[in-house]
Amino acid sequence: MLNERRNLLTAEQFAEVILNHLTSSQGKDPEHASIYDWRMALSLALRDQVIRPWFASTRTTYEAEAKRVYYLSMEFLVGRLIEDVATNLRAEDVAAAAMRSLGQDYGQVVRDEPDAALGNGGLGRLAACFMDSLATLGIPAYGYGIRYEHGLFEQHFKDGQQIETAENWLTQRYAWEFERPEVRYEIGFGGTVEKSGQTSKWIPAETIIASAYDTPVVGWNGLWANTLRLWAAKPVKVFDLDSFNRGEYLAASELEALARTISRVLYPDDTSEAGKELRLKQEYFFTAASIKDILRRLDSEGRVVRDLPQRVAIQLNDTHPAIAGPELVRLLVDERKLEMENAIDIARGCLGYTNHTLLPEALERWPEPIFKRVLPRHLEIVREIESAHLKASGSPVRILEDGDVKMGELSFIMAHKVNGVSALHSDLVRETVFEQLNRDYPDRILNQTNGITPRRWLHNCNPDLRILINDTIGTGWPADLEQLEKLVPHAQDAGFLEAFKAVKAKNKVRVANWLKSHHYIAVDPDAMFDAQIKRIHEYKRQLMNLLETVALWNEIRDNPNADWVPRVKIFGGKAAPGYVVAKQIIHLINDVAAVINADPQVKGLLKIVYPENYNVSMAELLIPATNLSEQISTAGNEASGTGNMKFALNGAPTIGTLDGANVEIRERVGAENFFLFGLTAAEVVERRKQQNYSAAAIAVSQRLSRALEQIENGVFSPGDPDRYQGLVQDLRQKDYFLVTCDFDDYFAAQRRVDSAYADQDSWTRMAVLNTARVGWFSSDRTIADYAKDIWNAHSLIGGARQPKGEVP
Ligand code: CRA
């Protein structure tokens, strides 16, 4: 039977589609098909089902003459897609049954899919969640980014140290995308600017082709699908026959290799400006292709550029696509012959800018000489933008300063709205980096607290909790996450608490089994699972967590007969390859783990696990199994965090500082269901003004002193006792991120966690209340707010937060 509304196939029909793809697309018969072949066949069969809503969405958008949202992002951390697509189409049971009928293990095939790791961390994953929510809400949208040949590197540990190898997600065919060889734009670099009278013309020295690859992104219930359009760099001339005929074989392919470097790598660092000309070229490459594509679509609709702000909302995901402003102005002035000021106003009417960090090293600046060499005409336009801004506002803030082009200021000045990503962060954006610009343009900055998609981060990654929630409050919550509030009364119901606890226990067994089979580590699933999984960075303070672990180890050995709550400390995360301190922290975690895990005195009480190569799929496994979420950044540094939301949603209370979205999470779940410690952002600023604050903090903490001495004396690196002297010296002398100052308070908060955990009933109640009260952090809410406050874009499948309600 065909399901009319969503055109769902039966399992038998779907099995036939899969078999067809196995033979026709993969060229394999079932007897000889590998798991890869089955996965491709299943993925292509699912992709087939997305086509109908995809076409319908495009048609509807044209017919409604609707405004489109364009989300420009250097990163889209998509992860795996089979389950995502299957569940959004509401075809997961059909797909699983079809695979079963073909003698295949659905789960195993799902797990065979490599992660599309086109991002570093939170910013990239946020972009992927936003794509899911835009489609779920039925807002016409394109995601624009780069189709990196190598996504984020693979991490391995050798003797405890991080080793990076290239990630090769594209060595296998990518099932979800459609190559669009006809959608191609020439992108120029370098060269000169020709002037004649009032007009300017850029004559680039070098051009490459941006070639489109489209992945449909289907929303919940299969009602709407948008497009993720990723650009690959290709040479204008693939092959130089003349060189070849002269016998210069390598030179013949050089053009191609050169062009391809542009979309070859994702810079494995989101918190420091890479400082590479190649990075600037990457940024311009994908932004320029996207802007051309946007204008072509406008033209094809018979619109004029004056209509742009009514038709087009372009969101800049951090400053990486900031060149969108000057590029749009360039096209409007040089090619469409608009007046400069008019062009700037039109561009501003389209652009919004999201700031994701206050870390000074992450605020992009390009040395003028590099900028001029790569984008000579854009430098002139940036000057025009700057002078228009100075004239209109009387502001002292410049875009060009100290020999640099400052991309934050450029983005701010070219955007009609600027947003931070949590309430605290947006306040700090107003008070610090953009203090003067906020005074010049008082209504420009607003807040849009980040969110996460409930489909991936609860419905799919935690199937047993999904079932329990469905049985308790119905099935409306994946499209309307605040319905989880209906769970609140059940926090008093012993039967529900038991069931909730059983789900967590089962998820922990799943992780214990995986650790055993994949990482050869045995953990006790009855111990508390305490997880800190995220990029390794000093401000995130994995080092403080580790110091607390060492201190706890000491305490247990000093008092072996006390009532210790068994713990497994789980670490996960990659360090940017050039970030020496972060790599040392990784080394230390592994060294400490080796000693503690081998110590018979703490056996069964304390264990450290650090599985290598943390990625989206690993997060989907670990988060549902976690009891305690570590969100311990130095206040004022974590712009928002989104892992914090994922843990809380899956019933893991937070131990954390008043930083980023922790503040809002705590307000919602209730202070009694959150383990708070540490200095506030304001106190951090004050403390940094004091002399020798770290020495003072260490002097009063016996526990901390002992742990530091152990590390610096080689207790954890007996073969190389001096290994961590530098790391510890830095804590003693500088400690910019105030690990030493927050240590005692953190240790005390951890002991409060121990006592709370010892009472399993009240702990489970806390966990339930976390799940029940974080529905607001759905990315559907975030996107609905962007649509209303920044984009003036609308859902074409109903009201603002449609679709709502029960699924038939
Ligand atoms: N590193 C912030 O640090 C935030 C995400 C998404 C980050 C996180 O706190 O949750 O963005 N910043 O808003 C960033 O990438 C360039 O800055 C991040 O992922």
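The model is predicted; local features need pLDDT of at least 70, side-chain atom pairs count only at pLDDT 80 or more, and totals for chains, interfaces and linings use all residues. Residue numbers start from 1 along each chain as its sequence is written.

**Domains and ligand**

The protein chain is assigned domain 1 (1–64 + 81–114), domain 2 (65–80 + 115–448) and domain 3 (504–782), with bounds from an automatic or database domain assignment. The centres of domain 2 and domain 3, taken over C-alpha atoms, are 35 Å apart. Between these two domains, 40 residues of domain 2 are in contact with 33 residues of domain 3; contact means C-beta atoms, placed from the backbone, within 7 Å. On the side of domain 2 that touches domain 3, β2 (76–79), α6 (122–137), β5 (154–158), β6 (161–165) and α16 (423–431) each supply at least two residues. Helix α6 gives the most, with nine residues. Helices (H or I, at least four residues) and strands (E, at least two) are DSSP runs, numbered from the N terminus.

The ligand lies between domain 2 and domain 3, because both give residues to the shell around it. Of the 17 residues around the ligand, G122, L123, H356, T357 and S640 come nearest; a residue is near if its C-beta atom, placed from the backbone, lies within 6 Å. The table gives the class make-up of the shell and of the domain 2 side.

**Strand β4**

Six of the six residues of β4 (residues 141–146) are buried, that is, with 20 or more other C-beta atoms within 10 Å of their own, C-beta atoms being placed from the backbone. A141, G143 and G145 cover one face, and Y142, Y144 and I146 the other. Strand β4 pairs in the parallel sense with β1 (residues 68–72) over four bridges and with β11 (residues 225–235) over five bridges; pairing requires at least two DSSP bridges. G143 is the bridge partner of Y71 and stands opposite L228 in β11.

**Six-stranded sheet**

An open sheet with parallel pairing has the order β21-β20-β19-β22-β23-β24. β21 (606–609) and β24 (675–676) are at the edges with a single partner strand each, so one side of each has no neighbour in the sheet. Within the sheet, β22 (residues 628–631) and β23 (residues 654–656) share three bridges, and E630 has I655 as its bridge partner.

Note on methods. Buried ≥ 20, exposed ≤ 12 C-beta atoms within 10 Å, placed from the backbone.
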